[in-house]
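Student: I've never looked at this one before. Could you walk me through it with a few questions and answers?

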Amino acid sequence: MKEAIKKIYIDGAVAPAGHYTPGVVYNGMLFISGQLPVNADGTHTYTEPFEVQARVALSNLLAVLKAAGSDASDLLKVTVYVVGVENWKAFNQIYIEMLGDNKPARAVVPVPELHHGYLVEIDAVAAV
């Protein structure tokens, strides 16, 4: 029999604006949708500096992990979309600070732009 697909939402956060689920668990794996730097109350940070946006996006990613019963140590693969390759170094420093010794596989992809003028978006795959 096929295992059920479990949808993960973050308690206290506004519902996604698009047609997607923040996280999906299937067969022991958590697939986390792209997390933009939108605050849990739905307020936008696109006018904030890159460093603020990166912290909010990573916090959102960690919140999905927590809602699924996982944490940063369960991350397997992270993909980061960054507007402006010059932001890569700042992102890397914040990433190290927020993930500590956890070192999942990762790709940083420079892109020309993201929705609503954001500067970073992060998706991931983790174990549950």
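Student: Which residue lies over the face of Tyr-95?
Tutor: Here a charge sits over a ring if NZ of Lys or CZ of Arg is within 6 Å of the ring centre and within 35 degrees of the ring normal. At 4.5 Å from the ring centre of Tyr-95, the residue over that face is Arg-106.

Student: And what kind of model am I looking at?
Tutor: It's a predicted model, where local features need pLDDT of at least 70 and side-chain atom pairs count only at pLDDT 80 or more, while totals for chains, interfaces and linings use all residues. Residues are numbered from 1 along each chain as its sequence is written, and side-chain values use heavy atoms, with hydrogens and water left out.

Student: How many aromatic pairs does a search of the whole structure find?
Tutor: Rings of Phe, Tyr and Trp (its six-membered ring) pair if their centres lie within 6.5 Å; planes under 30 degrees apart are stacked, over 60 edge-to-face, and the rest tilted. Searching the whole structure that way, the count is 2.

Student: What is the angle between the planes of Tyr-46 and Tyr-118?
Tutor: Tyr-46 sits in the loop between E3 and H1, and Tyr-118 in the loop between strand E5 (105–111) and E6, so their pair ties together parts 72 residues apart in sequence. (Helices, H or I of at least four residues, and strands, E of at least two, are DSSP runs numbered from the N terminus.) The two rings are 5.8 Å apart, centre to centre, and edge-to-face, with an angle of 75°.

Student: Is Tyr-118 buried or exposed?
Tutor: Buried means under 20% relative accessible area, exposed over 50%, and partly exposed in between (1.4 Å probe, protein chains only). Tyr-46, at 41%, is partly exposed. Tyr-118 has 1% relative accessibility, so it counts as buried.

Student: Which residue forms a salt bridge with Glu-97?
Tutor: A salt bridge is a side-chain nitrogen of Lys or Arg within 4 Å of a carboxyl oxygen of Asp or Glu, and the count by that rule is 1. Glu-97 is exposed at 52% relative accessibility. The closest N and O atoms are 2.6 Å apart, and the partner is Arg-55.

Student: How many residues does helix H1 have?
Tutor: Helix H1 covers residues 50–67 and reaches 26 Å from its first C-alpha to its last. That's close to the 26 Å expected at 1.5 Å a residue, where the expected span is 1.5 Å times one less than the number of residues. The count for H1 is 18.

Student: Which residue follows H1 with a positive phi?
Tutor: Among the buried residues of H1 are Phe-50, Leu-58 and Leu-65. After H1 comes a residue with phi near 85°, and that is Gly-69.
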